[in-house]
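Please look over the notes below with the model open beside you. They go point by point through a few local details and then turn to the ligand and the strands.

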Amino acid sequence: MSHISRNTQAVIDLNAIIKNYQYIDHLTGDSNTIAVIKADAYGHDASKVAQALSPHVKLFAVGFIDEALTLRQDGITNPILILEGPFKESDFAIAQKHNFVLMLHSEYQINWLSSLTQAFTCDIWIKVETGMNRLGFAIEKIEQVILQLSPQQKSQLVLCSHFSTAEQTNSDKPLQQLAKLMELVKKHDCKFSMANSAGILNWPESHGDFTRLGLALYGISPIATNPLSQALIPVMTLSANIIAIHKVAIGETVGYGDTWQAKRESIIATVAIGYADGYPRNTKSGTPVFVKQQVAPLVGRVSMDMITIDITDLSSINIGDSVELWGKNINIDTVAQQSDSINYELLTRVSKRVPKVIEQSQ
Ligand SMILES: *Cc1c(COP(=O)(O)O)cnc(C)c1O
């Protein structure tokens, strides 16, 4: 967009992302911290995030090759791990050309690898099924799979798996999953990777050779109660301006469906953000927003382009004032709870229509 008329924006604090990365990297000691920047870096602009992190990070991870190619186009030269591996046989040639590390999880991918006419010399990670039942080879298959790798690939091999309940500190399952992976790792004398953000925070024994840091990189904890979460700094601030203010008499309603009714004479401000921008439509009345160092409740239904907030109890609010929907003052988890969603989904659903404003001070 060349001309920006509406001031709705997602400000991305790149200093915060570097601090979060360094904090977690320090916390995990010798383990190599992979920055997971799939889904446009969880809605934070993958290329900008990667440019800021590339001097600090050895390895990035994305979901599929298309996402990695975008990073190459934007000048990122670090190796990139492809978490879902190849979707097509021709992905191997692209991976070879661009130094992508492929995570292989299924028989058909191994068949592609063994039928390649040109040598594939990039590193390979093998995903093991330990309890998520989503991606990965059965434990009994691993030996056979490893036989397909070149001596070089075997020497660099990383066995990898994924927790299904790492958030739950009272669950036995994470350590059971880890034990299954560790048995293979010992047998094949290779490296391993198990921990996502929740694993990093809750299960230090799972840090291993590589952690895969996603959500916490963006300053949001998958386990708000874990004391290690306190040092994380939220990276995204979603904000929009007030575009109208009006008085509403007792008994009047606000918004579609008349779901909110004034119990007193109220002052309602209309804010230029709606569900088409990624603010969830089912967010309940009463959800806090932050404006001029004060907190106001959302009232009435979220529209496509607008929300309405009750500013009756606030002072000196004017048209043009900036309203924070989530960020450093409004915890995204609160909005997630009030809209039956999770922080991951809210971040990744901020729509294209919202410009990302990159902030980085020296
Ligand atoms: C997305 C993803 C991660 C990162 O998970 P977070 O919970 O965001 O830290 C790690 N590993 C795999 C395989 C993933 O797909």
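1. In this predicted model, a polar atom of the His 207 side chain lies 2.9 Å from the backbone oxygen of Ile 200, a polar contact in the sense of a pair of N or O atoms within 3.5 Å where, within protein, one must be able to donate a hydrogen and the other to accept it, and where residues adjacent in sequence count only if both atoms are side-chain atoms. His 207 itself is placed in the loop between α10 (197-202) and β9 (210-213), helices (H or I, at least four residues) and strands (E, at least two) being DSSP runs numbered from the N terminus. His 207 counts as buried because its relative accessibility is 10%, where buried means under 20% relative accessible area, exposed over 50% and partly exposed in between, with a 1.4 Å probe and protein chains only.

2. On conventions, residues are numbered from 1 along each chain as its sequence is written, and side-chain values use heavy atoms, with hydrogens and water left out. Because the model is predicted, local features need pLDDT of at least 70 and side-chain atom pairs count only at pLDDT 80 or more, whereas totals for chains, interfaces and linings use all residues.

3. In strand β9, Phe 210 and Arg 212 point one way while Thr 211 and Leu 213 point the other way, and all are buried. In a regular strand the side chains alternate between the two faces of the sheet. Strand β2 (residues 32-36) pairs with β9 in the parallel sense over 4 bridges, pairing being assigned if DSSP finds at least two bridges between two strands. Within this pairing, Phe 210 is the bridge partner of Asn 32.

4. Which residues are around the ligand? They are Lys 38, Tyr 42, Leu 83, Lys 127, His 162, Asn 196, Ser 197, Arg 212, Gly 214, Leu 215 and Tyr 344, a residue being listed if one of its heavy atoms lies within 4 Å of the molecule. An N or O atom in the side chain of Lys 38 is 2.6 Å from an oxygen atom of the ligand, a polar side-chain atom of Tyr 42 lies 2.5 Å from a ligand oxygen, and a backbone N or O atom of Leu 215 lies 2.8 Å from an oxygen atom of the ligand. Of the 390 Å² of accessible area that the ligand has on its own, the protein covers 92%, with areas taken from the Shrake-Rupley method with a 1.4 Å probe.

5. Strand β13 (residues 266-271) is mostly covered, with 5 of its 6 residues buried. Strand β10 (residues 236-248) pairs with β13 in the antiparallel sense over 6 bridges, and Ile 245 stands opposite Ala 269 in β13. Strand β16 (residues 307-310) also runs antiparallel to β13, joined by 4 bridges, and Thr 308 in β16 is the bridge partner of Thr 270.

6. Asp 13, found in strand β1, is classed as buried because its relative accessible area is 17%, and its side chain reaches the backbone nitrogen of Ala 16 at 3.1 Å. Ser 5 lies in the segment before β1 (9-13) and counts as exposed because its relative accessibility is 65%.

7. Is Val 350 buried or exposed? Val 350, found in the loop between α12 (343-348) and β18 (356-359), counts as buried because its relative accessibility is 9%.
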